[in-house]
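Subject: Structure for you to look over

Dear colleague,

Here is the structure I promised to pass on to you, with the sequence alongside. Please open it first, and then read the notes below with it in view.

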Amino acid sequence: MSASLTESVETVTVVGGGTMGHGIAQTFAMSGYDVTIIDIDEDVLQTALEKIEGSLEKLTEDPDAVLAQIETTTSEEEAYGDADLVVEAVPENIDLKQDVFGTIDNHAPERTILATNTSTLPITEIASATDRPSKVVGLHFSNPVQLMDIVEVIRGKETANDIFEAAETISEAIGKTPVLVEKDIPGFLINRINLRFWLEAVRQVDQEGRDRKTIDAAIRRIGLPMGPFEVLDFSGIDVATMAAHSMQDRGVDLHIPDLLEKKEEAENYGMKTGEGFYTYPEPGEYSRVEIPQERRNDFDPKHLVAPAVNEAAWMLANDVTTKSEIDKAMQIGINWPRGLLEMADEYGIDRLVETLEELHARSGWDEYEPNPSLRELVANEELGQKTGTGFYEWEYEQAEFETVRYERREYAAWITLNRPDRLNALDKSSWNGLKAALEKAANDDEVRATVLQGAGRAFCAGDDIAEIQSLESTEDAREMFEEVLGPTVQTVRNHPKPIIAAVEGAANGGGCELVLLCDLAVASTNSSFALPEGQIGALPPIGLTYGRMSLGKKEIMEMSLTGDQFTATEAESMGIVNYAVDETQVEDIVRELAHSTTASGPKSISEMKDLWTGMEDDLLETWFDEAMDRLVKRTQSEEAEKGLAAFLEKREADWKR
Ligand code: NAD
């Protein structure tokens, strides 16, 4: 039915030749429709044709052929008498729109489909001005229409199925991607989600004293083309404020931060006035804002993503639309790198719910109360990529290797040292388990990056001292270090994929050395790093050898000779970790890093790693063997006997002065 309805649409009338109207007319004409533009103002029609011509010169080979399909008029009879489809784009005023729809209804044949391009008004109210509400539908284009791919197709309360479907197929026929919105809700889909994202960004500056450039940098970091303040300035603070007010007036629970209202009142609308959140060379002249990339990790994007996901969850729970429509809208409509719900599954639904709870507590705004459907996902352990199911299904595999847990989440292997009650101290089971888990990741072609983390409140407290103390002879010690620890160290070094350490809590001794062996590392600011082996009469064999590829002499020696603890921020400046970040972001930044490494070819990566490992071998292999040999002897020395005993008795060794 809708196919034949769509096929029967040949003539299209666009009402209003302004910003949107001329773009809509051009788009239909470019797709072969006969178009009439009606406006009350002759000059507007003339300007519309000029603008269309200018645009066609850039977009088509033969502008005249397209222009020949466009007529203009101020006569209602002429405009509507033979229209198969009418698309209204007059100013955003309900009385005016109802008046226009009444007129169209009087003049247009029974077959005519009536569409409105309203951004904020209820389709149903506009339709009520006609005797054919079942034939009225929302077609919400984005500006500039000829360039923007997306169009929201909105069903009014009375819109008939065939009309809704025809609106969808006509949108496709003019080369747009339709997003289906099944209920006539304030803000429709895109504005609702965008506003949650933007308004929280403004609240963060207004109430939390955050810096707007830092927020923009963090949002660019996660792949959006612009940060929220850049977008607000670009598309107009007045437009966003107007949309927010209209949603609020229609009963949507949302707050508009004072800062936004003040900008609006001062007419600092952004680029078009030359001043908004940023300053522009002159009104209407865009220049890209300089966003300090180095601050990109200083704000947690989940603070903006979580309210947007909450809004999406509300829509899904109320049958407004589907997951794929939401993701399509964000990806195609506003150029997000992935869909919103795909992102939600990456972050983990549980962590987004926690973020919402935090925002709720901090702002006192009930709109941040997590939607019950999100809580239900958490209760069902449908947390996203890390459990294999969330909004979507994901590639997921789990295995245990002794005390080491292996998970494949999509293209990344997450390996967890899992002795949380022993602060993940490295015993035989950890070394063997780690080796097996790394081998599994290495052998799986789907795995493109490997993450190493610790369960519980430490990354890894180092070697299991009780186990070392229990080694009774040099032979036992040699077996442990050379046959268990040594091969695992080589497995880490020879791993063909990027290994990223995710450090939360202490990384001591062998734990710190593991971080040094990894290719990349991210640590929470409350992490600490130390090489305290000397304090038990032993020595750090990896730190002293391979460690020098990351650290200089003074750093290695200070760490090894004193055993002192260093903060994550110090570790960042020393080169032990790439980034020291807030603990809420470690997992995210590790995942983003893992994702970034997939930009390089898998074979290139294994070659790069091979070269690095070879270079280390040339410089250090014999010294690592030497260090292991000395470690074996050290652990069986009288000094170590005293040192290990003192450690286990939680006192200082007797050589401490
Ligand atoms: P505009 O002011 O640029 O153009 C409106 C045109 O309608 C004017 O040329 C005006 O002369 C004409 N008009 C007024 N009364 C008329 C009548 N009775 N019959 C025929 N023409 C009449 O407005 P715009 O920005 O193009 O917005 C039009 C609609 O599109 C609004 O509903 C708006 O909310 C929506 N919209 C705008 C944007 C945007 O970015 N501008 C984006 C999406 C949707």
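Accessible areas here come from the Shrake-Rupley method with a 1.4 Å probe. On that basis the surface of the protein comes to about 27600 Å², of which 46% belongs to carbon and sulfur atoms. Please keep in mind throughout that this is a predicted model.

The C-alpha trace spans about 105 × 50 × 45 Å along its principal axes. Among the contacts with a separation of 6 or more, 71% are accounted for by residues 24 or more positions apart. As for charge, there are 60 positive and 126 negative side chains, and the centres of these two sets lie 8 Å apart.

The UniProt record, an unreviewed entry, carries the annotation "domain: 3-hydroxyacyl-CoA dehydrogenase C-terminal" for residues 187–280 and 304–394. In the model, the span 187–280 is 62% helix and 0% strand, with its end C-alpha atoms 29 Å apart, while the span 304–394 is 63% helix and 0% strand, with its end C-alpha atoms 24 Å apart.

After H11 comes Gly 236, which has a positive phi near 105 degrees.

Several points of backbone geometry also deserve a look. The peptide bond from Asn 143 to Pro 144 is cis, with omega near -5 degrees, and Pro 144 sits in the loop between strand S6 (136–141) and strand S7 (150–155). Phe 188, although not a glycine, has a positive phi of about 50 degrees, and its place is in the loop between strand S8 (177–181) and helix H9 (190–208). Is Phe 188 buried or exposed? Phe 188 counts as buried because its relative accessible area is 0%, where the cut-off for buried is under 20%.

The loop between helix H15 (323–334) and helix H16 (340–347) holds Asn 335, another residue that is not a glycine and yet has a positive phi, of about 65 degrees. Pro 337 is found in the loop between H15 and H16 as well, and its relative accessible area of 30% makes it partly exposed. Leaving aside residues up to four places away in sequence, Pro 337 touches Ile 222, Gly 223, Leu 224, Gln 331 and Met 343. By contrast, the C-alpha atoms of Pro 337 and Glu 626, which are 289 residues apart along the chain, are separated by 49 Å.

Lastly, strand S9 (residues 396–401) and strand S10 (residues 404–409) run antiparallel and are joined by 6 bridges, with Tyr 396 standing opposite Arg 409 in S10. The two strands form a hairpin with 2 residues between them, and Glu 402 in the turn has a positive phi of about 50 degrees.

Terms used. Residues numbered from 1 in each chain as written. Predicted model: local features only at pLDDT ≥ 70, side-chain atom pairs only at ≥ 80, totals over all residues. Heavy atoms only, no water. Contact = heavy atoms within 4.5 Å. Lys, Arg positive; Asp, Glu negative; His and termini not counted. Charge placed at Lys NZ, Arg CZ, Asp CG, Glu CD. Helix = DSSP H or I, 4+ residues; strand = E, 2+ residues; numbered from the N terminus. Buried < 20%, exposed > 50% of the residue type's maximum accessible area, 1.4 Å probe, protein only. Pairing = 2+ DSSP bridges. UniProt positions renumbered as here; feature names shortened; annotations may be inferred.
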